[in-house]
Amino acid sequence: MNRCQKIALPPRAAHALVGLGLVALLLPAAAQTIQRGMPTTAQRGELVVTNPPDVLLNGQVERLSPGARIRSADNMLVMSGAITGQQLPVRYLRDPHGLLHEVWILNPQEARERRPVDTPPRLPFFRGNTPPTDDGKTPYDQLPSFPKQ
C-alpha cells in the first residue's frame, strides 16, 4: 500500500522553480547596495575600542553611552567587545551628555566619500559665545515702557 503519490512537473515548471530560487538568492545581494540612513549631523572620525565602554575617538579618550549602538559596514549591530583593538573609520552621534550613542562603521565606499557635515542643532539653553542682552545700566526696579494701545 503506497500512500505517496509521485508528482511529475513539466519541464517549464521545473525551470520556473529554479529561476525563482536563483532570484531569491540574489535579493540579499541587491539589498546591500542601499545606502544607510545616517543623519547629516553625524560627524566623522577614527574609532578604536580599547576597553568597552572606553574608546579612543580621533586619539582622544571617549566613552560609549549605556545604550550605544554600533553598526557594522553591512548595517548589522556589532558588540563593542567584538571590535576591540581595531582602528575603524566611523560616523558618530553623541547623546545629550556627550557620550557616543550612535556609531556607523564605514565601508570602503563610504570611507572614500567626502560629504559635508551639518552642525548639530544647538539647544536654546546652551548659548555659547552670545553676548548678554542686558547692558547692565537698567535699574532693577524700573519697568520697561510698552507702547499704549
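Modeller: The following answers go through the model topic by topic.
This is a predicted model, in which local features need pLDDT of at least 70, side-chain atom pairs count only at pLDDT 80 or more, and totals for chains, interfaces and linings use all residues. Residues are numbered from 1 along each chain as its sequence is written, and side-chain values use heavy atoms, with hydrogens and water left out.

Colleague: Which residues touch the most other members of the largest nonpolar core?

Modeller: They are Leu47, Ile70, Ile83, Val90 and Leu100, in a core of 14 residues. A nonpolar core is a set of buried Ala, Val, Leu, Ile, Met, Phe, Trp, Tyr and Cys residues joined through side-chain atoms within 4.5 Å. Buried means under 20% relative accessible area, exposed means over 50%, and partly exposed lies in between (1.4 Å probe, protein chains only).

Colleague: Which strands each supply at least two residues of this core?

Modeller: β1 (43-51), β2 (54-57), β3 (60-71), β5 and β6 (100-105) do. Strands (E, at least two residues) and helices (H or I, at least four) are DSSP runs, numbered from the N terminus. As a general point, nonpolar side chains tend to be buried together in soluble globular proteins.

Colleague: What does Leu47 touch?

Modeller: Not counting residues up to four places away in sequence, Leu47 touches Val55, Leu56, Leu57, Gln86, Gln87, Leu88, Val90, Leu100 and Val103. Contact means heavy atoms within 4.5 Å.

Colleague: Is Ser80 buried or exposed?

Modeller: Ser80 has a relative accessible area of 19%, so it counts as buried. Ser80 lies in the loop between β4 (77-78) and β5 (87-94). Leaving aside neighbours within four places in sequence, Ser80 is in contact with Val49, Pro52, Leu64 and Ile70.

Colleague: Pro52 was in that list. Which kind of peptide bond joins Pro52 and Pro53?

Modeller: That bond is cis, with omega about 10 degrees. Pro53 lies in the loop between β1 and β2.

Colleague: Let us change topic. How many salt bridges does the structure hold?

Modeller: The structure holds four. A salt bridge is a side-chain nitrogen of Lys or Arg within 4 Å of a carboxyl oxygen of Asp or Glu. One of them pairs Arg63 with Asp54, with the closest N and O atoms 2.7 Å apart. Arg63 is partly exposed at 42% relative accessible area, and Asp54 is partly exposed at 26%.

Colleague: What does the salt bridge of Glu62 and Arg94 tie together?

Modeller: The side chains of Glu62 and Arg94 meet at 3.0 Å, N to O. Glu62 lies in strand β3 and Arg94 in strand β5, so the pair ties together parts that are 32 residues apart in sequence.

Colleague: Which residue forms a salt bridge with Glu102?

Modeller: Glu102 pairs with Arg69, and their closest N and O atoms are 2.5 Å apart. This pair links distant parts of the chain, with Glu102 in strand β6 and Arg69 in strand β3, 33 residues apart. Glu102 is buried, with a relative accessible area of 11%, whereas Arg69 is partly exposed at 36%.

Colleague: Finally, what is the phi of Asn58?

Modeller: Phi of Asn58 is near 55 degrees, a positive value in a residue other than glycine. Asn58 lies in the loop between β2 and β3. Asn75, in the loop between β3 and β4, has a positive phi of about 70 degrees although it is not a glycine.
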